[in-house]
Amino acid sequence: MMGQALVRAGSPDPGSRRRPGHQVLALVLVAAAYYLGAQLGLSLSLVDHNVTPLWPPTGIAVTAFLLLGRNMWPGVAVAALAVNLPITATPLAAAATAAGNTLAPYVAALLLERVGFRRQLDRQRDALAIVFLGALASMLISATTGTATLAVSGAISSGELPGAWAVWWTGDAMGVLAVAPFLLCLPLFWELEPWPTARWVEAVALLVLVTAVSAWAARSEAQVLFLVLPVLGWAAWRLQLRGAAPAALIASLVATSSATNGSGPFAAESLAQRMLTLQGFNACVAVTSFFLAALVSERLRTADALAAAATERVRREHQIAETLQRSLLPDRLPQVPGVDLAARYVPATADVEVGGDWYDVISLPDGRLGLTIGDVAGHGLLAATSMGQLRMAVRAYVLQDPAPQAVLAGLERLVTQLPMPEMATLLYLLFDPDTGSVRYANAGHLPPVLVADGQSTFLTDALVPPLGVTTGTTFLEASLTLQPGATLVLYTDGLVERRRVSLQDGLDRLGREALADVGVDALCDLLLHTLSGPEPAADDIALLVVRMIPLTGTPLALALPAEARNLQEMRRAVHRWLRDSGIADDDRNDVLIACGEACANAVRHAYPVRPGVMELEARLSQETVSITVRDHGRWRTPVHRGGGWGLQLMRGLMDSVELVTTDAGTEVTMLRRVTAGGIG
Amino acid sequence: MTELATVDAVTLDGTPVVRVSGEIDLSNAADVMEAIAATLPTNATTVVVDLSDTGYVDSAGIAMLFRLAERLGHGRQQLHLVVPTGAPIRRVLELTNLTSVIPVHDTLRAT
């Protein structure tokens, strides 16, 4: 009981919150609608005002109670009394009949609310509820009250009672079945997704057709009323309740009107037979329309839910694979003075899969770089995870022995043990930025492009089959020297393979476009733009560009995350710049240590809360090296105390050290006269 | 241990010698100290840390060496360093006055 009370408290009567003025207006409108509906019903009587096969007011009353609240009952009661007074023997009998006519829809609405009826009529249980509870069961009340009153007032004999009762009951029930769904579907036109114009055209065509077919069938001597049913099926199938309810109402009204006139299939029949034919037809119309409409609505919802779930799954898998892939690619490339590096990874967009493409740049402790680019065949999560394993394996093997043949041989042994569904191609280069020397080996990957002296060359040497194809491969090694200004372009097949374009054409275009005289980042963008064209990429693209740049006379600029593990990379870069600038050994060491201390201070003090960047600039002019180390943080301790030994060393090693701290960060400027010109 | 430096220990004429090869900076100073301490026996009165193959030491490395000397001093052990004359790190040791606190030798034999 508690639960029911709560449920009722939680879902108040829709009419209870209406303002008094509106409430009165609603009552008047309901009463007027009921009265007009009754006049329509009376005009459809089979014999004078006695036998009414379709009593629309019951449908109007049920709808009013469902939509506006059961407190609309006074409107219904007053209208029912007004309708019954002129056609009933005594006022008392009219009042009794009106009470039954009010109580029946009231109980119908109550029962429907209790079973959780949805007025959208979009579930089979709603169709069942309105047929059995809303129409057949509840209308027992009005039929019994009405015919009992007739019998008591002497209007009918006790022998006529069963027939009168049956007519009354079916008439009221049909009133609910034909009218209530139609009225209930009206709010759906602004509640549900609006129809496009084509849908409206179809709806109008359907209603015209159902009118025409039922008008013809109901006037034809042939027994062809059933022809209306396929049209109703169409309406329910295509438009659900918003099409089925109006069509069913039209069909029922036309058939009932025809039965009233005794025309068509109803001409030769007795009253009882006419009644049976008509009610049978009307029942079929209602049940067919609403059950089919509910069934289709349910199926559409299920299909929508399934489609949404499937789309979501595909989207999620793609998102996971892409996140994984991006997390497996280097978050930044090492900064090596004299070497420009740029890389791109573009996931395929033509389908939602991702591939196993990757690139990597590995800094070796001795300053050399391991460059890899590879492609695990296949798509999706498995390819992406295999790629991640391979990438880490390359890193491990390179740190162990960076020689190209050793790395590829190690990988081949590993690949036979990985759960890799397919093969993988891999190109590995060992690059020494100090000398420009490049040693490489290639397991089935597309040849890298060397751009030097205005010419493109594909490096097709040292090529063996992809990993995972055969075992016991003898790996080959080739070498070359990258001269200052020369560029290497490493790429995966997504860059050069296009639909309707041969691979050779793609490679030729790459060879031509790679000649462009632009920076490495611009070259990456240019290649992606010109080679992939406007259509979305069908396959992933990984791209890595390396260029040797002459250092002599150029200032050095570095920016690295201010973390202790990056100090070594920074020192190496400064060391190389100092050496290439021809600074003598002793000077070089002193400057290097001072730089190390300035950067270590930024690491230690600049970013106590959030991580940040340290920047270093070095230039040489008039035999003086000037170093600027900058951070954008706020030091925990004042600069003069935070420096400690670091500051002491910097002052000891350099000719001048200047520290400036502002809100924007701290800048250390150090000068040192050096002996330049010697080649270290 | 760390990528930046390796630590290995030998005993030379009864004296434990720890050789540090590579570079010592803020990123690995604490690890290097732990690695050195772990290899040293507690019964020797003199211990030698050989920095001949150490190419770089920053202020964090210097602080580490001071702490190591202090820690060994508690156990009545004397720390000696080997840093060749003219080695790049020698200047750092001198500028931080480390040479006045910890005996520094040119070669291993000189210890």
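Which strands of chain A does helix 17 lie across? I looked this up first, and found that helix 17 (residues 520-532) of chain A lies across strand 1 and strand 11 (541-548) of chain A, running at about 145° to strand 11 of chain A. For angles I used axes, which are lines fitted to C-alpha atoms, for helices over the stretch in contact, with values from 0 to 180 degrees between N-to-C directions. Helices (H or I, at least four residues) and strands (E, at least two) are DSSP runs, numbered from the N terminus.

I note that this is a predicted model, in which local features need pLDDT of at least 70 and side-chain atom pairs count only at pLDDT 80 or more, while totals for chains, interfaces and linings use all residues. Residues are numbered from 1 along each chain as its sequence is written, and chains are lettered from A and ligands numbered from 1 in the order in which they are written.

**Sheet of chain A.** I then traced an open sheet of five strands in chain A, with the order 1-11-10-6-7 and antiparallel pairing, where two strands pair if DSSP finds at least two bridges between them. Its edge strands are strand 1 (339-346) and strand 7 (455-458) of chain A, each of which pairs on one side only, and the twist averages 15° from one strand to the next. Strand 7 of chain A is joined to strand 6 (residues 449-452) of chain A by four bridges in the antiparallel sense, and I found Ser456(A) in strand 7 as the bridge partner of Val451(A).

**Helices 8 and 12 of chain A.** I looked next at helix 8 (residues 161-185) and helix 12 (residues 241-261) of chain A, whose axes come within 8 Å and cross at roughly 145°. Among the residues of helix 8 that meet helix 12 are Met174(A) and Phe182(A), and the helix 12 side includes Leu241(A) and Arg242(A); contact here requires C-beta atoms, placed from the backbone, to lie within 7 Å. By class, I recorded 11 nonpolar, one polar and one charged residues in this contact, where Ala, Val, Leu, Ile, Met, Phe, Trp, Tyr, Cys and Pro count as nonpolar, Asp, Glu, Lys and Arg as charged, and the others, Gly among them, as polar.

**Chain B.** I read four helices and six strands in chain B, following the pattern β-β-α-β-β-α-β-α-α-β along the sequence. The contact between the chains takes 17 residues from chain B and 21 residues from chain A. Helix 2 of chain B gives the most to the chain B side, with four residues, and that side divides into nine nonpolar, three polar and five charged residues.

Technical notes:
Two residues are in contact if their C-beta atoms, placed from the backbone, lie within 7 Å.
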